[in-house]
Amino acid sequence: MSCIKRESALPSREGAGGNDFNAFSAMQPRTPGAIPADARNGARVKTHNVPPEGVYLPNNNRLAPHMRSPEYVQMSTAAAITLGVMPGTMHRCSCTRCLNLLLTYPEGCRANCAYCGLARHREADRDYADRNFIRVDWPAVPMAEVVDIIARDGDKTPFHRMCISMITHPRSDEDTVSVLKAWTARIDPASLPVSILSNPTTMDRADVALLKDLGADIFTVALDAATPEIFDRTRGKGVDSPHSWSKYWEVLEHARDIFGKERFGAHIIVGMGETEEEVLRLIQRLVDMGGHSHMFCFFPEKGSLMDHLPATPRDQWRRVQLARYLIDYAQVRVEHMRFDDQGRVISFGIPDAALDDIIDKGTAFRTSGCPGKEAADVSACDRPYGDSPPSNVASYPFPLQDVDIRKVRQQLERERPGECYEAGDDLDSANWTKPLAPRIV
Ligand code: SF4
């Protein structure tokens, strides 16, 4: 029986530059505008100096209070809902497994990465604590309250991991140590392990070693860009930002030496202008070092310098997700794969039947990141809808069901005879009976 598709069921295949992938030549960030003097360096927040009162939920109609780490940290909307400090539900997720704590200061991050909602140029229009980041708001919570809740819940906590996310700020190194010490004073890192999402620009080898000595379990470096050219264009000189590719690799090598095999990794955003072959060769390099790759699908973050550009087409993303999983967890090497003249994967380097088995398990298409308690290849850091809306999921924050596998197969152009995905099947599936709204979008 053949499968009749409605046109609307087809996911977007249009990438930047008119291709079915986001080409380098078309993924140029826009130039940041000037920042008024009275908005620079968190001046609005510091001048008004409103004292914080407990949990702060971002609200653009209200001046953000004066909050600083290590007393305050921000966390994703999903983490705040799971921790119980804000109300809400998430589409097809009961919780997140990673408590991601982001350092916070009125001055915010002093870097200017083109794809990031926290970037410095946003001082012009939004206080730091009110900025969207990976598509969601980040409530601010007193660190003491976070620790109280986790210590109180003990083994019953839904979280599998905590992650301290550093930003580029003169106090970031010191305050990461303070937050880690506040955590380990009350919570055993053997029962709830800690990851560090580092800021290599301000760190040296001794900083990496200190975090390991204080109980951190995994150390990650957000390379984000897959090539030196994209790195420089999106987070270096191209946008008046302080980061350099060589410094990031230097710290990644410290992490390899100090944290050891399987205990370090790198974040990579797919679809900022690299070819599939380039990003997969980078993933192979990380695996050969003994580490892992944690991938994000490029999404045009509102207010960022790349918000005018298209998200990564789903076929490009699915091929890279699948190939990355094979390299990271199935001992396939990039040299076993074949690519066309545009660098697109045309053979995954394993027999069809084995590839079909891996696709049908679905794990390859889940969010990638530091592991939790479920399995070594399942990330605790599930980042619900951090790189896509629920209507066209890029990284699945939950185990895939049959309807999701059918959608992924369609995106990979590997549908089984007689099976098809219709637009919205996954949103309206009988398997999903809770109200659809409110969702995190
Ligand atoms: S350093 Fe990190 S938080 Fe700061 S602008 Fe760059 S990506 Fe965003």
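A word on the ground rules comes before the tour. This is a predicted model, in which local features need pLDDT of at least 70 and side-chain atom pairs count only at pLDDT 80 or more, while totals for chains, interfaces and linings use all residues. Numbering starts from 1 along each chain, as its sequence is written.

Let us begin with the overall form. The protein has 12 helices and 10 strands; helices (H or I, at least four residues) and strands (E, at least two) are DSSP runs, numbered from the N terminus. Along its principal axes, the C-alpha trace spans about 65 × 45 × 40 Å.

How much of the protein is buried? Buried residues make up 49% of the 441. A residue is buried if 20 or more other C-beta atoms lie within 10 Å of its own, exposed if 12 or fewer, and partly exposed in between, with C-beta atoms placed from the backbone. Contacts tell another part of the story: among those between residues at least 6 apart in sequence, 73% join residues at least 24 apart. Two residues are in contact if their C-beta atoms, placed from the backbone, lie within 7 Å.

Now find helix 4, residues 172-184. Its 13 residues reach 18 Å from the first C-alpha to the last, close to the expected 18 Å, where the expected span is 1.5 Å times one less than the number of residues. The buried residues of helix 4 are S172, D175, T176, V179, L180 and W183. They lie on the same side of helix 4, because they cover an arc of only 140° around the axis; the arc is that of the directions from the helix axis to the C-beta atoms. The cover over these buried residues includes strand 1 (72-75), strand 2 (98-103), helix 3 (143-153) and helix 5 (205-213).

Next comes the ligand. Around it you will find C109, A111, C113, C116, L118, A119, I167, T168 and R235, where a residue counts as near if its C-beta atom, placed from the backbone, lies within 6 Å. This shell has seven nonpolar, one polar and one charged residues. Here Ala, Val, Leu, Ile, Met, Phe, Trp, Tyr, Cys and Pro count as nonpolar, Asp, Glu, Lys and Arg as charged, and the others, Gly among them, as polar.

Some backbone details deserve a look too. Most residues other than glycine have a negative phi, and most peptide bonds are trans. A cis peptide bond, however, joins S69 and P70, with omega about 10°, and P70 is in the loop between helix 1 (43-48) and strand 1. N41, in the segment before helix 1, has a positive phi near 60°. With 16 C-beta neighbours inside 10 Å, N41 counts as partly exposed. E262 also has a positive phi, near 70°, and is in the loop between helix 7 (245-259) and strand 7 (264-270). Because E262 has 12 C-beta neighbours inside 10 Å, E262 counts as exposed.
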